[in-house]
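Dear colleague,

Please find below the structure that I am handing over to you. My notes on what was found in it follow directly after.

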Amino acid sequence: MTTRACVAVIGAGASGTIAAAHLVRRAGDRGRPIDLLLIDSAPAGRGLAYSTTDPRHRLNVPAKGMSAWPDEPDHFLRWLRRHVAVDFPAGGFAPRVHYAQYLSSVLDAAARTAGERADVRLEHVRGRVADVRRIGRRLRLAFADGTNRPADAVVLALGHGEPATAWAPAQLRREPRFVADPWRPAAEPTLRHGDEVVIVGAGLTAVDMAQSWGREGVRVHIVSRHGMLPLPHANAPQPPVTVPLPAVGDRLPATLSAARREVFAAIRAADGDWRRVVDGLRPITATLWAGLPDAERRAFLRAAGRRWDRVRHRVDPAVHDWLAQRRADGSLVVHAGTVAAAHSDGDRLAITLSDGTEVRAAAVLNCTGSCTSINRSADPLIMNLTSSGLIRSGPLDLGLATDERGRLLPDRTSGAAAISALEPAAMWTLGPLRRGELWESTAVPEIRAHAARLAGDVLDALPSEALRRRPRDPYGLPISASAGAAGAYVGALHRILRVQSGAEALVADAVTVDPEFALGHAVLAVLGVEWGADVDVEAALAKAHAPGARADERERRFIEVATARVREPGPQSAAALIAYLQTYPEDALGVSLAVPTIAFGGATDVPTEAWALVDTLQPAYGDDWWYRGLLAFTRQEQERYAEAGELAALALAAEPAAGHAVHAKAHVHYETGDHQAGLDWLDAWIATCGAKASHRAHFSWHAALHELALGEEHAVVARYAAQLAPPHVSGVRALVDSAALLWRARMTGTAPLGDIRAVLDVVPAGLLAAPPTPFVALHAAIAMAAAGDCAGLARLRRDARAHESAAFRGIIAPLAAALGDVVHDDPEAAMATLLALGDEAALTPLGGSAAQREIVRETLLHCAVAGGRPDVAVDLLSERIGRRDSPADRARRDQLVRLS
């Protein structure tokens with residue numbers, strides 16, 4: 001039985017609540033029982049920024065960018081549409097009170113799910129931690145009320161510190177009408193018509209306070225050194241511009257001026273659209289900050305810090321318009337200056353500004369921002385942790401010192417740290433306290449990314465006796481299964497990657513040994529759909545999603561995308577699969593599911609999209625044999641045959657049974673006209689390593705194409721009977737390989753190979769009645785034509801015309817009509833329709849390979865000859881010979897030339 005561990009998150013604002021949600025979710029995914037303490041006197045999600053209940057206080061980021069989950073970017077938007085407004089716009093700016101409610105619901109949902117999966121327990125402790133002490137391997141939290149709680153790990157999510165007041169004259173700080181913290185006013189003064197309010201500071205908080213206090217008849221004065229209000233977001237935002245800074249290479253700017261030159265150059269290149277450039281800087285801001293020496297960072301804070309905040313942290317355009325309107329009517333006045341003097345004047349404060357303006361103010365609000373200095377902090381917890389040496393101030397005294405993953409670094413120079421802090425304690429932080437290390441650390445997109453990484457690190461650091469070693473797949477991904485089940489599953493994965501048979505049996509063995517192995521059930525369902533395995537697909541999916549099924553976060557996401565691909569194949573589930581692979585590129589099974597190959601249908605019918613995905617995987621796989629084979633297949637589709645051949649050879653040298661490499665090599669031989677060498681090599685491989693291939697019929701089909709190209713008619717007949725006729729082939733392979741070869745033989749005038757009815761008997765009826773993809777529809781049409789099924793072709797034509805897919809409407813529908821004309825012995829009509837479809841490039845949306853789509857051209861050649869147009873046939877053959885020579889094509893062309 002595993003030992004329970006305790007993790008304490010101190011602070012329940014946005015950063016603390018998001019961190020807690022990621023921690024419980026990750027613990028549930030790992031099947032790791034923990035106690036999580038969320039400690040704050042306020043409810044979850046109600047930190048400084050989101051404690052307001054004023055509906056005028058809006059987020060300064062559109063709803064589409066505020067999800068708590070990096071892997072579900074529209075999660076907050078979906079929540080808004082369920083709980084606030086069904087048509088809430090993605091680019092809308094929600095009231096902050098709704099975001100506090102959202103964060104609370106996110107945490108509750110994550111904790112509930114984790115509790116069901118792994119007995120994860122969330123406890124909201126109302127109180128204030130005054131100190132954390134290291135006691136042996138554990139930490140002890142001391143509360144302000146004198147109580148104590150132990151913990152194995154601590155996350156400091158303290159948010160923003162108390163607002164700084166050093167700018168205010170001493171007399172002003174003593175006045176009751178001075179609001180030192182506008183989010184926690186002691187008592188809001190009563191305002192009368194004609195009153196004036198002074199707001200010191202011109203940032204986002206000042207805008208909020210101007211909305212709250214700027215009621216009718218009240219004039220608001222905003223005072224700041226620069227007199228610059230926040231800038232608005234664009235009404236129609238454009239995509240960010242990738243800034244070509246050397247920060248991502250070897251020439252990191254070492255000076256502020258160098259970095260500024262690069263930024264301004266990028267703005268000029270973007271036609272002055274600074275918003276796009278500033279947004280494009282976001283992914284590399286931390287790198288830029290890290291590359292500047294402290295002196296340059298100080299210069300930035302002194303000379304450009306406010307300007308950066310202004311362009312980086314923008315407001316809702318509607319709020320900006322409201323400010324402009326108030327300035328225009330004189331009820332809002334902005335001053336560039338400071339508060340020079342203040343004294344009591346009856347029931348008002350007499351304020352003198354540095355620009356000479358005098359104001360009798362009903363209240364003065366401190367909106368200058370929080371105190372970021374750790375060394376000057378008055379927070380008892382920060383003071384005690386600093387004193388004990390468990391933490392130290394970060395760069396420029398902005399927040400705390402951390403490693404690159406947010407783990408707090410001790411003060412090794414402290415005498416108190418000599419024993420207790422020789423090594424960093426199990427303490428992390430995120431949010432504003434990482435500003436010195438990262439500069440940008442306070443926005444939700446950064447917080448959620450840091451929280452996701454932090455969650456895994458915290459759980460990994462829990463006492464080792466509470467963790468068990470997990471088995472891993474060939475590329476290092478953990479497997480949530482018993483040792484025996486994991487062994488069978490890894491064996492199955494090896495067969496899938498080699499494109500060998502028997503994988504489904506091994507996965508079935510794995511889930512029999514470990515019925516709670518959720519990933520195994522999901523993979524079994526995928527093989528049932530993609531490989532035609534004898535699997536109850538819905539039952540397997542139900543077991544994968546069962547409450548007691550085990551899966552970590554990665555496995556859970558795979559199960560979700562695999563379920564979507566099985567149940568709802570289409571653009572939405574394809575996009576989810578691609579998004580999953582962006583997070584987990586080393587999931588070779590997920591990659592296999594996404595890329596159209598001999599073994600899987602793929603997530604896209606657009607070849608360039610699949611090619612782009614494969615190319616992005618290079619950093620994850622390097623010189624791995626499986627990846628080289630997949631890349632070789634991609635390269636031959638791109639007609640880069642020499643490169644494809646080299647990659648295939650390298651893959652086969654490392655793994656002779658590498659199915660993708662064999663497939664790529666077969667295509668290279670065929671498309672380059674190297675038919676005899678290709679046939680000899682394939683026959684040798686099929687007889688040896690290919691004996692275990694799960695798609696052996698397709699390799700036999702490739703060999704048969706070589707025989708057709710060489711004019712070896714008897715060899716094709718013999719191969720079909722021995723390797724491609726039922727019962728050697730069944731399911732989709734019978735349709736795509738066997739039926740297609742029968743039709744191709746008929747179109748080329750080859751001797752009859754076999755009975756199409758015997759093939760159709762082993763093809764699932766659904767593939768003919770309702771083909772799921774254009775590629776299957778192509779072969780369904782060919783099979784029905786071979787069987788003389790005019791009614792089936794008419795039905796397919798009708799359904800294709802009404803299909804949502806352009807490939808069905810534009811290619812399958814006319815193709816079915818043309819094949820119907822062939823069956824009705826009207827080659828002239830069929831030829832006209834087939835010619836109108838365009839050249840081979842126009843058939844690309846059908847999917848599959850060029851060799852498979854070539855069957856359409858073979859049909860056109862047959863119709864041209866039968867329709868009395870040998871000149872058309874000669875032109876078609878000459879074009880193909882020029883691209884890929886073959887003895888059979890030369891013989892056909894020569895014969896047609898003689899006849900004409």
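**The largest cavity**

The lining of the largest cavity comprises three nonpolar residues, five charged residues and no polar ones. In this classification, Ala, Val, Leu, Ile, Met, Phe, Trp, Tyr, Cys and Pro are nonpolar, Asp, Glu, Lys and Arg are charged, and the others, Gly among them, are polar.

Please note that this is a predicted model, in which local features need pLDDT of at least 70 and side-chain atom pairs count only at pLDDT 80 or more, while totals for chains, interfaces and linings use all residues. Residues are numbered from 1 along each chain as its sequence is written, and side-chain values use heavy atoms, with hydrogens and water left out.

The lining residues are Glu840, Arg857, Leu861, Leu876, Leu877, Glu879, Arg880 and Arg883. A cavity is a set of points, on a 1 Å grid over the protein atoms alone, where a 1.4 Å probe fits but cannot get out; lining residues have an atom within 4 Å of a point. Helix 38 (850-866) and helix 39 (870-883) each supply at least two residues of this lining, and helix 39 gives the most, with five. Helices here are DSSP runs (H or I, at least four residues), as are strands (E, at least two), numbered from the N terminus.

The volume of the largest cavity is about 80 Å³. A volume is the space filled by probe spheres set on the grid points, which are joined across faces, edges and corners. Across the whole structure, the search finds three cavities of 30 Å³ or more.

Strand 9 (residues 196-200) is mostly covered, with five of its five residues buried. Buried means under 20% relative accessible area, exposed over 50%, and partly exposed in between (1.4 Å probe, protein chains only). Glu196, Val198 and Val200 are buried on one side of strand 9, and Val197 and Ile199 on the other.

Strand 9 pairs in the parallel sense with strand 10 (residues 219-224) over five bridges; two strands pair if DSSP finds at least two bridges between them. Within strand 10, Val220 stands opposite Val197. The chain passes from strand 9 through helix 5 (residues 204-213) to strand 10 in a right-handed β-α-β crossover. Right-handed means that, with the strands pointing away from the viewer, the path from the first strand over the helix to the second runs clockwise.

Strand 9 also pairs in the parallel sense with strand 15 (residues 363-366), over four bridges. There, Asn366 is the bridge partner of Val200.

Yours sincerely

Methods: On a 1 Å grid over the protein atoms alone, a cavity is a set of points where a 1.4 Å probe fits but cannot get out, and a pocket is an open set with protein on both sides within 12 Å along at least five of seven lines; lining residues have an atom within 4 Å of a point.
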